[in-house]
Amino acid sequence: MPINESDIEKIAQLAHLEISREEVKVFAPQIAEIVTYVEQLNEVDTRSIEPALGGLTPEGELTASTRDDVVAPSLGQRLALEEAPDAAAGHFRVPKIL
Amino acid sequence: MLYFRLKIFPLELNMKNGWETVIGLEIHAQLSTESKIFCGCSTHFGDEPNSNTCPVCLGLPGALPVLNRRAVELGARAALALGLQINERSIFARKNYFYPDLPKGYQISQYDQPFSANGELEIMTARRDEAGHPLEWAPKRIRITRLHLEEDAGKNVHEGLPDVDRFSYIDLNRAGTPLAEIVTEPEFRSSWEAHDYVNHVRRVLRWVGASEADMEKGNLRCEPNVSVRRIGNETFGTKVELKNLNSVRFMQRAIEFEIERQITLLESGGKVNQETRLWDERAQETRVMRSKEEAHDYRYFPEPDLAPLEVSVEFIDGVKASMPELPEERRQRFVQQYDLSFSDASQLTSERTLADYYESAVEASGNARTAANWIRSELLRELESSGLAASASPIPPQELGKLLRLVDEDKISGKQGKDVLVEMFKTGRTAAAIVEEQGLAQVSDTGEIDGVIDEVLAANPGQVTSYRSGKETLFGFFVGQVMKASKGKANPRVVNERLKAKLS
């Protein structure tokens, strides 16, 4: 099995997800099955193919990948904070961090 | 007090007792662009919090980054100035971690294919005496592993805001500011070597216009990693990373503290843990921030929203061609061409505008040595007290040159020259105009001075007799009288010569 229960726990921790022991037991074999399925791709010989990296449109065209150093209008403080779950004194506000 | 002594004394012995320090450095320098690295928001410092933000740097869904060409160019200048090889193809990668100042949940950085690598840089470094004065400067080669491009995170703010015991506040104006991260091999053997390297990098980055490199403003940040080992050991000790160092001085203190902490620990049979520690300036100590077990697993992967960064050989050659003579080369040239001492040449090449100023003044004055002395002792004092760079000096170098010519040609005395310089600095007027207006022109004409001397001698017959009968200490009295009678305008050198002739 390519994925075991401790992998699931670690991924959950890295993703800041809380999952119970029971859920780990349920998800581990399911995710392992998905990974095994995807791993079939490893059988394809890709030695002569360039890795497809980012910055392409769905049609395979290069996106506008660079720009000049020119300042463009920003949203401004009010709009930037408008959708924030919590904001105060011109800032995003979150529970205390170090 | 006794406890303190007992505690410190054996440490000092240990330091000399076969331990070697090994330090590597990571520097983050903000590149001097107008707009952010992946969006058009301004990088201007000190604006209203969160005002310079947009969907890209706020990490809103669907927003796409577009690379700022100027950031690439400045990164290239920095890389070349530090002796790195620029890679024609590099790849942006996502570095994933959760922190409130990182809105996307990842930082766009570079990982296995960085913008530049394999650097070799020669710096000047010196051991210091107990007062911190350099003993002897010597060159040292530093291997720089890589310089890559990345975006900065936002800032956590607490000061002056309500309920800071319960809340943290986030300002994302800085999020997305372009950075060059510069990583060295474990090359440094003392905190002074690290200090000299950071100063070298800071000077070079400012010199080529890549970064303002001001640690107080936070646009240059240093993160040293420190370990110790027994001299002769091939393998490195366990290293500790240090953070929260807002000046080169803090960095040195943190390194020194860490060296002593690690040696004490090892000598008493303990083990150094691989961890990240924060420098607490108030307590003058480092404290654990996170241990290796909590170390981040960043899960780097190629940034799908950005094409690989490709730069042509022509681009690299173009940047090379536009590079100025670097400070270290210029310092060496100053020593050879102008016959300056190491410390004079170093000071005059501390900033590019100062070095330019000096060379213009040399040309205008025709005297490299005098120009160096006057700039170092007189002009820099005025510039420093008014907080100006040499390029903003109210005295243009050509005018300083003219002033120095007046002194060199005995038109005015050195003392008068210094007063004129202060006046020029204050008013922006030329030396000639001030000399003219204040009637300062020094008298070197022998006939005129002879006349004054004759008057002085005639008025003091008693002193003349005493002098001639052996009371030679009166010579100074005569010089003083002549200078006074000439209202300070007589050339002291001519006065001395003529007085000697007339009194003998």
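Q: Hi! Is B:Tyr338 buried or exposed?
A: Hello! B:Tyr338 counts as buried, because its relative accessibility is 13%. Buried means under 20% relative accessible area, exposed means over 50%, and partly exposed is in between, with a 1.4 Å probe and protein chains only.

Q: Before we go on, what kind of model is this, and how are residues numbered?
A: This is a predicted model, where local features need pLDDT of at least 70, side-chain atom pairs count only at pLDDT 80 or more, and totals for chains, interfaces and linings use all residues. Residues are numbered from 1 along each chain as its sequence is written, chains are lettered from A and ligands numbered from 1 in the order in which they are written, and side-chain values use heavy atoms, with hydrogens and water left out.

Q: Is B:Tyr358 buried or exposed?
A: B:Tyr358 is buried, with a relative accessible area of 0%.

Q: Which residues form an aromatic cluster?
A: B:Tyr97, B:Tyr111, B:Tyr298 and B:Tyr300 make up one aromatic cluster. B:Lys95 lies over the face of B:Tyr298, at 4.4 Å from the ring centre. A charge sits over a ring if NZ of Lys or CZ of Arg is within 6 Å of the ring centre and within 35 degrees of the ring normal. Likewise, B:Lys104 lies over the face of B:Tyr106, at 5.3 Å from the ring centre.

Q: Switching to sheets: what is the strand order in the chain B one with 9 strands?
A: The order is 3-7-8-11-1-12-13-14-15, in an open sheet with mixed pairing. Two strands pair if DSSP finds at least two bridges between them. At the edges are strand 3 (85–86) and strand 15 (285–291) of chain B, each pairing on one side only.

Q: How do strand 13 and strand 14 of chain B pair?
A: Strand 13 (residues 240–243) and strand 14 (residues 275–280) of chain B pair in the parallel sense over 4 bridges. B:Glu241 stands opposite B:Thr276 in strand 14 of chain B.

Q: Where is B:His195 found, and what does B:His195 touch?
A: B:His195 is in helix 4 of chain B. Leaving aside residues up to four places away in sequence, B:His195 touches B:Arg128, B:Val248, B:Met251 and B:Gln252. Contact means heavy atoms within 4.5 Å. B:His195 counts as buried, at 14% relative accessibility.

Q: Last one: how is chain B divided?
A: Chain B has domain 1 (11–310), domain 2 (328–438) and domain 3 (446–503), with bounds from an automatic or database domain assignment. The C-alpha centres of domain 1 and domain 2 of chain B lie 37 Å apart, and 7 residues of domain 1 of chain B are in contact with 10 residues of domain 2 of chain B.

Methods: Helix = DSSP H or I, 4+ residues; strand = E, 2+ residues; numbered from the N terminus. Phe/Tyr/Trp six-rings, centres within 6.5 Å; stacked < 30°, edge-to-face > 60°.
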